[in-house]
Amino acid sequence: MSSKPKVLVLGGNFAGLGTAQKIRQFAGDSVDITVVDRKNYLLFIPNIPADVFENSDPASSQRMDLIPVLAKDHIQFVQGDVTGIDVDNRSVHFTPSERPGGAPGKLDYDYLVIALGNRLAFEKIEGFAEYGDSVSDLYLGNRLREKLWNGGYQGGPIAIGSARFHQGDGAEGLEPYPGGSIPNAVAACEGPPVEVMLSAATYLKKTGQGGPEKITVFTPGELIAEDAGEQVVGQLLDIASGMGFNYVNNAEDIRRITAEGVELANGQTIEAELKIIFPDWVAHDFMRDLPITDSEGFVVTDLLMKNPKYPEIFAAGDAAAVTVPKLGAIGHQECEIVGRQIALAVGRMSEKAANTPLQPVVNCIGDMGDNQAFYIRSNSWYGGSEQVLKMGHIPFLLKMQYKNLFFRTQGKVPDWGLDFSKLMAEKLSA
Ligand SMILES: Cc1cc2nc3c(=O)[nH]c(=O)nc-3n(C[C@H](O)[C@H](O)[C@H](O)COP(=O)(O)OP(=O)(O)OC[C@H]3O[C@@H](n4cnc5c(N)ncnc54)[C@H](O)[C@@H]3O)c2cc1C
(Lines give C-alpha, C1' and ligand atoms only; values in the text may rest on other atoms or scores of the structure.)
Protein backbone atom coordinates (compact mmCIF):
# COMPACT_ATOMS: atom_id res chain seq x y z
CA MET A 1 0.00 0.00 0.00
CA SER A 2 1.22 3.49 -0.84
CA SER A 3 2.37 5.65 2.06
CA LYS A 4 1.69 8.88 0.19
CA PRO A 5 -0.88 11.33 1.60
CA LYS A 6 -4.35 10.42 0.38
CA VAL A 7 -6.38 13.16 -1.28
CA LEU A 8 -10.06 12.41 -1.67
CA VAL A 9 -12.07 14.62 -4.04
CA LEU A 10 -15.84 14.33 -3.69
CA GLY A 11 -17.58 15.17 -6.98
CA GLY A 12 -16.27 14.79 -10.52
CA ASN A 13 -17.95 17.54 -12.47
CA PHE A 14 -16.36 20.94 -13.18
CA ALA A 15 -15.00 21.63 -9.70
CA GLY A 16 -14.11 18.03 -8.81
CA LEU A 17 -12.34 17.20 -12.08
CA GLY A 18 -10.65 20.61 -12.23
CA THR A 19 -9.36 20.38 -8.67
CA ALA A 20 -8.09 16.81 -9.04
CA GLN A 21 -6.16 17.81 -12.18
CA LYS A 22 -4.71 20.92 -10.51
CA ILE A 23 -3.60 18.90 -7.47
CA ARG A 24 -1.79 16.47 -9.76
CA GLN A 25 -0.25 19.40 -11.68
CA PHE A 26 1.05 21.17 -8.59
CA ALA A 27 1.68 18.33 -6.11
CA GLY A 28 3.02 15.92 -8.76
CA ASP A 29 3.39 12.29 -7.71
CA SER A 30 3.67 13.15 -4.01
CA VAL A 31 0.00 12.31 -3.33
CA ASP A 32 -2.53 9.60 -4.18
CA ILE A 33 -5.74 11.09 -5.55
CA THR A 34 -9.20 9.51 -5.68
CA VAL A 35 -12.34 11.10 -7.14
CA VAL A 36 -15.79 9.88 -6.07
CA ASP A 37 -18.93 10.64 -8.09
CA ARG A 38 -22.24 8.89 -8.49
CA LYS A 39 -21.98 9.15 -12.28
CA ASN A 40 -18.94 8.37 -14.41
CA TYR A 41 -19.13 11.29 -16.83
CA LEU A 42 -18.81 15.06 -16.72
CA LEU A 43 -21.97 16.88 -17.75
CA PHE A 44 -21.33 20.19 -19.56
CA ILE A 45 -24.41 21.89 -18.08
CA PRO A 46 -23.93 25.43 -19.53
CA ASN A 47 -24.45 24.24 -23.11
CA ILE A 48 -27.68 22.28 -22.50
CA PRO A 49 -29.94 25.35 -23.15
CA ALA A 50 -28.33 26.01 -26.56
CA ASP A 51 -28.97 22.40 -27.59
CA VAL A 52 -32.58 22.54 -26.42
CA PHE A 53 -33.36 25.65 -28.47
CA GLU A 54 -31.52 24.26 -31.53
CA ASN A 55 -33.33 20.88 -31.31
CA SER A 56 -30.12 18.95 -30.73
CA ASP A 57 -29.87 16.14 -28.15
CA PRO A 58 -27.58 17.32 -25.29
CA ALA A 59 -27.13 13.71 -24.13
CA SER A 60 -24.98 13.02 -27.17
CA SER A 61 -22.93 16.24 -27.11
CA GLN A 62 -22.55 17.42 -23.50
CA ARG A 63 -21.03 14.40 -21.74
CA MET A 64 -17.37 13.54 -21.26
CA ASP A 65 -16.29 10.13 -20.01
CA LEU A 66 -14.45 10.68 -16.70
CA ILE A 67 -12.52 7.46 -16.11
CA PRO A 68 -10.02 7.62 -19.02
CA VAL A 69 -9.54 11.35 -18.42
CA LEU A 70 -8.66 10.77 -14.75
CA ALA A 71 -6.55 7.72 -15.56
CA LYS A 72 -4.23 9.89 -17.69
CA ASP A 73 -3.27 11.69 -14.48
CA HIS A 74 -3.16 8.49 -12.40
CA ILE A 75 -6.24 9.51 -10.49
CA GLN A 76 -8.43 6.69 -9.15
CA PHE A 77 -12.18 6.82 -9.63
CA VAL A 78 -14.89 5.38 -7.39
CA GLN A 79 -18.45 5.43 -8.67
CA GLY A 80 -20.49 5.91 -5.54
CA ASP A 81 -23.09 7.95 -3.74
CA VAL A 82 -21.49 9.88 -0.88
CA THR A 83 -23.74 9.51 2.16
CA GLY A 84 -21.74 11.07 4.99
CA ILE A 85 -18.50 12.72 6.07
CA ASP A 86 -16.86 11.90 9.41
CA VAL A 87 -14.63 14.94 9.80
CA ASP A 88 -13.15 13.83 13.13
CA ASN A 89 -12.10 10.41 11.88
CA ARG A 90 -11.15 11.72 8.41
CA SER A 91 -13.37 9.32 6.50
CA VAL A 92 -16.17 9.44 3.95
CA HIS A 93 -19.09 7.04 3.76
CA PHE A 94 -20.49 6.05 0.39
CA THR A 95 -22.61 3.47 -1.38
CA PRO A 96 -21.31 2.11 -4.68
CA SER A 97 -23.76 3.34 -7.33
CA GLU A 98 -22.78 1.35 -10.41
CA ARG A 99 -25.44 -1.25 -9.61
CA PRO A 100 -28.30 -1.10 -7.12
CA GLY A 101 -27.78 -2.95 -3.85
CA GLY A 102 -24.15 -1.96 -3.24
CA ALA A 103 -22.87 -2.53 0.31
CA PRO A 104 -21.86 0.74 2.01
CA GLY A 105 -18.16 1.53 1.99
CA LYS A 106 -15.73 3.91 3.68
CA LEU A 107 -12.77 5.86 2.30
CA ASP A 108 -10.12 7.48 4.51
CA TYR A 109 -8.31 10.67 3.63
CA ASP A 110 -5.50 12.97 4.69
CA TYR A 111 -6.90 15.84 2.61
CA LEU A 112 -10.51 16.18 1.54
CA VAL A 113 -11.92 18.36 -1.24
CA ILE A 114 -15.69 18.78 -1.29
CA ALA A 115 -16.88 19.52 -4.84
CA LEU A 116 -20.33 17.94 -4.72
CA GLY A 117 -22.25 20.91 -6.10
CA ASN A 118 -25.80 21.40 -4.81
CA ARG A 119 -29.21 19.87 -5.12
CA LEU A 120 -31.47 21.79 -7.49
CA ALA A 121 -34.63 21.65 -5.40
CA PHE A 122 -37.35 21.33 -8.04
CA GLU A 123 -39.31 19.12 -5.66
CA LYS A 124 -39.84 22.10 -3.33
CA ILE A 125 -41.90 23.88 -6.02
CA GLU A 126 -45.56 22.89 -5.97
CA GLY A 127 -46.77 22.01 -9.45
CA PHE A 128 -43.31 21.85 -11.07
CA ALA A 129 -43.52 18.13 -11.92
CA GLU A 130 -46.82 18.59 -13.80
CA TYR A 131 -46.48 22.06 -15.28
CA GLY A 132 -42.85 23.21 -15.03
CA ASP A 133 -39.86 22.92 -17.36
CA SER A 134 -36.14 23.56 -17.12
CA VAL A 135 -32.80 23.08 -18.86
CA SER A 136 -30.53 22.09 -15.97
CA ASP A 137 -30.00 18.44 -16.88
CA LEU A 138 -30.41 16.01 -19.76
CA TYR A 139 -33.82 14.73 -18.70
CA LEU A 140 -35.39 18.16 -18.26
CA GLY A 141 -33.60 19.58 -21.30
CA ASN A 142 -34.84 16.81 -23.55
CA ARG A 143 -38.36 17.02 -22.11
CA LEU A 144 -38.51 20.72 -23.00
CA ARG A 145 -36.91 20.08 -26.41
CA GLU A 146 -39.64 17.56 -27.15
CA LYS A 147 -42.35 20.14 -26.26
CA LEU A 148 -40.73 22.90 -28.31
CA TRP A 149 -40.05 20.90 -31.42
CA ASN A 150 -42.62 18.09 -31.52
CA GLY A 151 -45.89 19.93 -31.18
CA GLY A 152 -46.38 19.97 -27.38
CA TYR A 153 -46.01 23.75 -27.16
CA GLN A 154 -48.92 25.64 -28.74
CA GLY A 155 -47.31 29.09 -29.05
CA GLY A 156 -48.66 30.63 -25.81
CA PRO A 157 -46.88 32.98 -23.38
CA ILE A 158 -43.64 31.87 -21.73
CA ALA A 159 -42.53 32.66 -18.15
CA ILE A 160 -38.88 32.28 -17.19
CA GLY A 161 -37.40 32.87 -13.75
CA SER A 162 -35.89 31.71 -10.48
CA ALA A 163 -37.12 30.64 -7.07
CA ARG A 164 -35.57 32.35 -4.06
CA PHE A 165 -32.10 31.19 -3.04
CA HIS A 166 -31.30 30.75 0.67
CA GLN A 167 -27.70 31.71 1.16
CA GLY A 168 -26.08 30.65 4.43
CA ASP A 169 -23.84 32.68 6.69
CA GLY A 170 -20.62 30.91 5.68
CA ALA A 171 -19.05 33.72 3.67
CA GLU A 172 -19.85 36.55 6.04
CA GLY A 173 -16.90 38.76 6.91
CA LEU A 174 -14.77 37.75 3.90
CA GLU A 175 -13.24 40.63 1.96
CA PRO A 176 -12.23 39.48 -1.53
CA TYR A 177 -11.46 43.01 -2.74
CA PRO A 178 -10.45 45.95 -0.52
CA GLY A 179 -13.60 47.11 1.26
CA GLY A 180 -15.70 44.49 -0.54
CA SER A 181 -17.62 41.39 0.55
CA ILE A 182 -19.43 38.27 -0.65
CA PRO A 183 -22.92 39.81 -0.74
CA ASN A 184 -26.17 38.05 -0.08
CA ALA A 185 -27.82 36.73 -3.25
CA VAL A 186 -31.56 36.13 -3.54
CA ALA A 187 -31.18 33.99 -6.69
CA ALA A 188 -28.53 31.28 -7.06
CA CYS A 189 -27.53 31.89 -10.68
CA GLU A 190 -29.40 34.21 -13.03
CA GLY A 191 -27.21 34.05 -16.13
CA PRO A 192 -29.20 30.99 -17.29
CA PRO A 193 -32.67 32.67 -17.08
CA VAL A 194 -31.34 35.64 -19.07
CA GLU A 195 -29.80 33.29 -21.61
CA VAL A 196 -32.99 31.22 -21.90
CA MET A 197 -35.11 34.37 -22.30
CA LEU A 198 -33.01 35.51 -25.28
CA SER A 199 -32.80 32.03 -26.84
CA ALA A 200 -36.55 31.48 -26.44
CA ALA A 201 -37.26 34.71 -28.31
CA THR A 202 -35.03 33.61 -31.19
CA TYR A 203 -36.81 30.23 -31.20
CA LEU A 204 -40.23 31.96 -31.37
CA LYS A 205 -39.10 34.15 -34.24
CA LYS A 206 -37.49 31.32 -36.17
CA THR A 207 -40.55 29.11 -35.86
CA GLY A 208 -42.95 31.94 -36.77
CA GLN A 209 -44.67 31.94 -33.37
CA GLY A 210 -43.94 35.50 -32.26
CA GLY A 211 -41.07 37.10 -30.36
CA PRO A 212 -39.99 38.72 -27.08
CA GLU A 213 -43.46 40.17 -26.36
CA LYS A 214 -44.62 36.63 -25.49
CA ILE A 215 -41.92 36.23 -22.83
CA THR A 216 -41.91 37.38 -19.20
CA VAL A 217 -38.73 37.03 -17.19
CA PHE A 218 -38.99 37.30 -13.42
CA THR A 219 -36.56 37.53 -10.52
CA PRO A 220 -37.03 37.18 -6.75
CA GLY A 221 -34.76 40.21 -6.33
CA GLU A 222 -34.76 43.91 -7.01
CA LEU A 223 -32.59 43.40 -10.09
CA ILE A 224 -32.09 40.27 -12.20
CA ALA A 225 -28.49 38.95 -12.28
CA GLU A 226 -27.46 41.69 -9.87
CA ASP A 227 -24.09 39.98 -9.37
CA ALA A 228 -23.13 41.04 -12.91
CA GLY A 229 -23.12 44.67 -11.75
CA GLU A 230 -25.76 47.39 -11.94
CA GLN A 231 -24.31 49.01 -15.04
CA VAL A 232 -24.18 45.75 -17.02
CA VAL A 233 -27.66 44.69 -15.94
CA GLY A 234 -29.03 48.17 -16.65
CA GLN A 235 -27.68 47.92 -20.21
CA LEU A 236 -29.09 44.39 -20.62
CA LEU A 237 -32.51 45.45 -19.33
CA ASP A 238 -32.62 48.48 -21.63
CA ILE A 239 -31.86 46.25 -24.60
CA ALA A 240 -34.39 43.61 -23.45
CA SER A 241 -37.22 46.10 -22.90
CA GLY A 242 -36.45 47.73 -26.27
CA MET A 243 -36.90 44.31 -27.84
CA GLY A 244 -40.29 43.88 -26.14
CA PHE A 245 -39.57 41.44 -23.28
CA ASN A 246 -41.71 41.71 -20.13
CA TYR A 247 -39.88 41.95 -16.82
CA VAL A 248 -41.13 41.33 -13.25
CA ASN A 249 -38.81 42.04 -10.33
CA ASN A 250 -39.29 41.63 -6.56
CA ALA A 251 -41.21 38.38 -7.18
CA GLU A 252 -39.83 37.24 -3.78
CA ASP A 253 -40.23 33.54 -4.61
CA ILE A 254 -42.35 31.08 -6.59
CA ARG A 255 -45.49 30.12 -4.65
CA ARG A 256 -46.63 27.45 -7.10
CA ILE A 257 -46.91 26.54 -10.75
CA THR A 258 -50.26 25.73 -12.32
CA ALA A 259 -51.45 24.86 -15.80
CA GLU A 260 -52.25 28.58 -16.26
CA GLY A 261 -49.00 30.11 -15.08
CA VAL A 262 -46.63 30.97 -12.23
CA GLU A 263 -47.97 32.28 -8.92
CA LEU A 264 -45.39 34.43 -7.21
CA ALA A 265 -44.90 34.94 -3.48
CA ASN A 266 -45.52 38.71 -3.91
CA GLY A 267 -49.12 37.93 -4.94
CA GLN A 268 -48.69 38.44 -8.69
CA THR A 269 -49.50 35.74 -11.24
CA ILE A 270 -47.74 35.46 -14.60
CA GLU A 271 -49.93 33.73 -17.15
CA ALA A 272 -47.94 31.28 -19.20
CA GLU A 273 -48.21 28.13 -21.22
CA LEU A 274 -44.52 27.30 -20.74
CA LYS A 275 -42.94 27.83 -17.32
CA ILE A 276 -39.13 27.55 -17.48
CA ILE A 277 -37.90 27.51 -13.91
CA PHE A 278 -34.60 27.67 -12.00
CA PRO A 279 -35.17 26.40 -8.47
CA ASP A 280 -33.46 27.04 -5.14
CA TRP A 281 -29.96 25.50 -5.04
CA VAL A 282 -29.72 23.75 -1.68
CA ALA A 283 -26.94 21.84 0.05
CA HIS A 284 -27.13 18.04 0.08
CA ASP A 285 -28.98 16.78 3.16
CA PHE A 286 -25.97 14.99 4.66
CA MET A 287 -23.94 18.21 4.51
CA ARG A 288 -26.23 19.96 6.96
CA ASP A 289 -25.23 20.04 10.61
CA LEU A 290 -21.61 19.11 9.95
CA PRO A 291 -19.06 21.21 11.88
CA ILE A 292 -17.65 22.40 8.52
CA THR A 293 -20.88 23.79 7.04
CA ASP A 294 -22.85 27.00 7.47
CA SER A 295 -26.46 27.73 8.43
CA GLU A 296 -27.68 26.33 5.05
CA GLY A 297 -25.24 23.43 4.66
CA PHE A 298 -22.67 25.08 2.37
CA VAL A 299 -19.01 24.41 3.19
CA VAL A 300 -17.36 27.23 5.13
CA THR A 301 -13.94 28.25 3.83
CA ASP A 302 -11.64 31.21 3.85
CA LEU A 303 -10.57 32.78 0.56
CA LEU A 304 -7.92 30.06 0.18
CA MET A 305 -10.84 27.60 0.06
CA LYS A 306 -9.78 25.99 3.35
CA ASN A 307 -12.11 25.25 6.26
CA PRO A 308 -10.99 27.29 9.27
CA LYS A 309 -11.71 24.53 11.84
CA TYR A 310 -10.48 21.57 9.79
CA PRO A 311 -7.54 22.83 7.72
CA GLU A 312 -7.24 19.49 5.87
CA ILE A 313 -10.70 20.09 4.35
CA PHE A 314 -11.20 22.25 1.25
CA ALA A 315 -14.18 23.05 -0.94
CA ALA A 316 -14.50 24.13 -4.57
CA GLY A 317 -17.41 25.00 -6.83
CA ASP A 318 -21.06 25.32 -5.93
CA ALA A 319 -20.70 23.39 -2.64
CA ALA A 320 -18.57 26.18 -1.14
CA ALA A 321 -20.33 28.95 0.80
CA VAL A 322 -18.09 31.52 -0.83
CA THR A 323 -19.24 30.55 -4.36
CA VAL A 324 -22.00 33.07 -4.96
CA PRO A 325 -23.55 33.14 -7.48
CA LYS A 326 -23.34 29.40 -8.14
CA LEU A 327 -21.26 29.82 -11.25
CA GLY A 328 -18.87 27.33 -12.86
CA ALA A 329 -16.51 30.17 -13.74
CA ILE A 330 -15.96 30.97 -10.04
CA GLY A 331 -15.47 27.26 -9.30
CA HIS A 332 -12.79 27.25 -12.01
CA GLN A 333 -10.82 29.90 -10.12
CA GLU A 334 -11.18 27.90 -6.89
CA CYS A 335 -9.77 24.66 -8.40
CA GLU A 336 -6.44 26.38 -8.98
CA ILE A 337 -6.36 27.71 -5.40
CA VAL A 338 -7.10 24.28 -3.87
CA GLY A 339 -4.49 22.62 -6.11
CA ARG A 340 -1.87 25.09 -4.89
CA GLN A 341 -2.92 24.78 -1.23
CA ILE A 342 -2.54 21.00 -1.26
CA ALA A 343 0.82 21.30 -3.04
CA LEU A 344 1.88 23.69 -0.27
CA ALA A 345 0.65 21.30 2.43
CA VAL A 346 2.76 18.42 1.02
CA GLY A 347 5.83 20.59 0.54
CA ARG A 348 5.68 20.91 -3.24
CA MET A 349 5.01 24.64 -3.42
CA SER A 350 6.12 27.75 -1.56
CA GLU A 351 3.72 29.87 0.50
CA LYS A 352 4.36 32.75 -1.85
CA ALA A 353 3.25 30.71 -4.89
CA ALA A 354 0.29 29.12 -3.12
CA ASN A 355 -1.31 31.81 -1.01
CA THR A 356 -3.17 33.92 -3.55
CA PRO A 357 -6.71 34.28 -2.20
CA LEU A 358 -9.88 34.11 -4.26
CA GLN A 359 -10.98 37.30 -5.99
CA PRO A 360 -14.22 36.16 -7.63
CA VAL A 361 -15.08 37.35 -11.11
CA VAL A 362 -18.50 36.80 -12.67
CA ASN A 363 -17.63 35.51 -16.12
CA CYS A 364 -20.58 34.45 -18.19
CA ILE A 365 -21.24 33.83 -21.88
CA GLY A 366 -24.93 33.27 -22.62
CA ASP A 367 -26.41 31.94 -25.84
CA MET A 368 -29.04 34.22 -27.45
CA GLY A 369 -29.96 31.91 -30.34
CA ASP A 370 -29.31 32.72 -34.01
CA ASN A 371 -25.53 32.39 -33.51
CA GLN A 372 -25.44 35.36 -31.13
CA ALA A 373 -24.42 35.51 -27.45
CA PHE A 374 -23.77 37.96 -24.62
CA TYR A 375 -20.49 38.14 -22.68
CA ILE A 376 -20.20 39.49 -19.13
CA ARG A 377 -17.06 39.97 -17.05
CA SER A 378 -17.57 41.76 -13.77
CA ASN A 379 -16.28 41.90 -10.20
CA SER A 380 -18.03 45.05 -9.01
CA TRP A 381 -20.54 43.14 -6.85
CA TYR A 382 -17.66 41.98 -4.62
CA GLY A 383 -15.99 45.38 -4.41
CA GLY A 384 -13.92 45.31 -7.63
CA SER A 385 -14.14 47.93 -10.36
CA GLU A 386 -14.76 45.99 -13.59
CA GLN A 387 -18.04 45.59 -15.50
CA VAL A 388 -17.95 44.55 -19.15
CA LEU A 389 -20.90 43.58 -21.38
CA LYS A 390 -20.54 42.58 -25.05
CA MET A 391 -23.03 41.03 -27.45
CA GLY A 392 -22.76 39.50 -30.88
CA HIS A 393 -21.41 36.64 -32.92
CA ILE A 394 -17.91 36.56 -31.40
CA PRO A 395 -19.17 35.73 -27.88
CA PHE A 396 -21.27 32.95 -29.47
CA LEU A 397 -18.20 31.52 -31.20
CA LEU A 398 -16.31 31.73 -27.92
CA LYS A 399 -19.06 29.91 -26.02
CA MET A 400 -19.02 27.04 -28.51
CA GLN A 401 -15.22 27.06 -28.80
CA TYR A 402 -14.80 27.01 -25.03
CA LYS A 403 -16.77 23.78 -24.84
CA ASN A 404 -14.79 22.29 -27.74
CA LEU A 405 -11.51 23.33 -26.12
CA PHE A 406 -12.67 21.89 -22.78
CA PHE A 407 -13.47 18.53 -24.37
CA ARG A 408 -10.35 18.51 -26.56
CA THR A 409 -8.06 19.28 -23.60
CA GLN A 410 -10.15 16.99 -21.36
CA GLY A 411 -10.84 19.75 -18.87
CA LYS A 412 -7.37 21.34 -18.94
CA VAL A 413 -8.26 24.57 -20.73
CA PRO A 414 -4.95 26.44 -20.94
CA ASP A 415 -4.71 29.93 -19.46
CA TRP A 416 -4.07 31.29 -22.94
CA GLY A 417 -7.50 29.96 -23.92
CA LEU A 418 -9.14 32.14 -21.29
CA ASP A 419 -6.94 35.15 -22.07
CA PHE A 420 -7.72 34.69 -25.76
CA SER A 421 -11.46 34.59 -25.04
CA LYS A 422 -11.21 37.79 -23.04
CA LEU A 423 -9.25 39.51 -25.79
CA MET A 424 -11.64 38.36 -28.53
CA ALA A 425 -14.80 39.22 -26.63
CA GLU A 426 -13.69 42.56 -25.28
CA LYS A 427 -11.62 43.95 -28.14
CA LEU A 428 -13.35 42.53 -31.17
CA SER A 429 -17.06 42.54 -30.39
CA ALA A 430 -19.46 45.41 -30.24
C1 LIG B 1 -28.84 25.75 -17.21
C2 LIG B 1 -27.57 26.19 -16.54
C3 LIG B 1 -26.66 26.94 -17.27
C4 LIG B 1 -25.48 27.36 -16.67
N5 LIG B 1 -24.60 28.12 -17.38
C6 LIG B 1 -23.44 28.51 -16.83
C7 LIG B 1 -22.50 29.28 -17.58
O8 LIG B 1 -22.73 29.64 -18.74
N9 LIG B 1 -21.33 29.59 -16.98
C10 LIG B 1 -21.04 29.20 -15.70
O11 LIG B 1 -19.94 29.53 -15.22
N12 LIG B 1 -21.90 28.49 -14.96
C13 LIG B 1 -23.09 28.14 -15.50
N14 LIG B 1 -23.98 27.39 -14.75
C15 LIG B 1 -23.61 26.99 -13.39
C16 LIG B 1 -22.70 25.76 -13.44
O17 LIG B 1 -23.35 24.71 -14.12
C18 LIG B 1 -22.34 25.31 -12.03
O19 LIG B 1 -21.81 26.40 -11.33
C20 LIG B 1 -21.30 24.19 -12.09
O21 LIG B 1 -21.84 23.05 -12.70
C22 LIG B 1 -20.82 23.84 -10.68
O23 LIG B 1 -19.84 22.86 -10.77
P24 LIG B 1 -19.58 21.89 -9.53
O25 LIG B 1 -18.59 20.89 -10.01
O26 LIG B 1 -19.32 22.67 -8.32
O27 LIG B 1 -21.00 21.19 -9.28
P28 LIG B 1 -21.83 20.24 -10.24
O29 LIG B 1 -21.59 20.58 -11.65
O30 LIG B 1 -23.22 20.28 -9.73
O31 LIG B 1 -21.21 18.81 -9.97
C32 LIG B 1 -21.38 18.13 -8.76
C33 LIG B 1 -20.95 16.69 -8.98
O34 LIG B 1 -21.11 15.99 -7.74
C35 LIG B 1 -21.78 14.77 -7.97
N36 LIG B 1 -22.55 14.46 -6.75
C37 LIG B 1 -23.48 15.23 -6.14
N38 LIG B 1 -23.90 14.64 -5.01
C39 LIG B 1 -23.25 13.47 -4.92
C40 LIG B 1 -23.23 12.43 -3.95
N41 LIG B 1 -23.97 12.46 -2.84
N42 LIG B 1 -22.41 11.39 -4.17
C43 LIG B 1 -21.62 11.33 -5.29
N44 LIG B 1 -21.58 12.28 -6.20
C45 LIG B 1 -22.38 13.34 -6.02
C46 LIG B 1 -22.68 15.02 -9.16
O47 LIG B 1 -22.98 13.79 -9.82
C48 LIG B 1 -21.84 15.97 -10.01
O49 LIG B 1 -21.02 15.28 -10.92
C50 LIG B 1 -25.18 26.99 -15.33
C51 LIG B 1 -26.12 26.22 -14.60
C52 LIG B 1 -27.30 25.83 -15.20
C53 LIG B 1 -28.28 25.01 -14.41
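Modeller: Helices (H or I, at least four residues) and strands (E, at least two) are DSSP runs, numbered from the N terminus. The model is predicted: local features need pLDDT of at least 70, side-chain atom pairs count only at pLDDT 80 or more, and totals for chains, interfaces and linings use all residues. Residues are numbered from 1 along each chain as its sequence is written.

Colleague: Does lysine 214 count as buried or exposed, and why?

Modeller: A residue is buried if 20 or more other C-beta atoms, placed from the backbone, lie within 10 Å of its own, exposed if 12 or fewer, and partly exposed in between. Lysine 214 has 20 C-beta neighbours inside 10 Å, and therefore counts as buried.

Colleague: Which residues is lysine 214 in contact with, leaving aside its neighbours within four places in sequence?

Modeller: Two residues are in contact if their C-beta atoms, placed from the backbone, lie within 7 Å. With those neighbours left aside, the contacts of lysine 214 are Pro157, Ile158 and Leu204.

Colleague: How are H1 and H9 oriented to each other?

Modeller: Axes are lines fitted to C-alpha atoms, for helices over the stretch in contact, and angles run from 0 to 180 degrees between N-to-C directions. The axes of H1 and H9 come within 8 Å and cross at roughly 30°. Angles under 35 degrees count as roughly parallel, over 145 as roughly antiparallel, 65 to 115 as roughly perpendicular and the rest as oblique. H1 and H9 are therefore roughly parallel.
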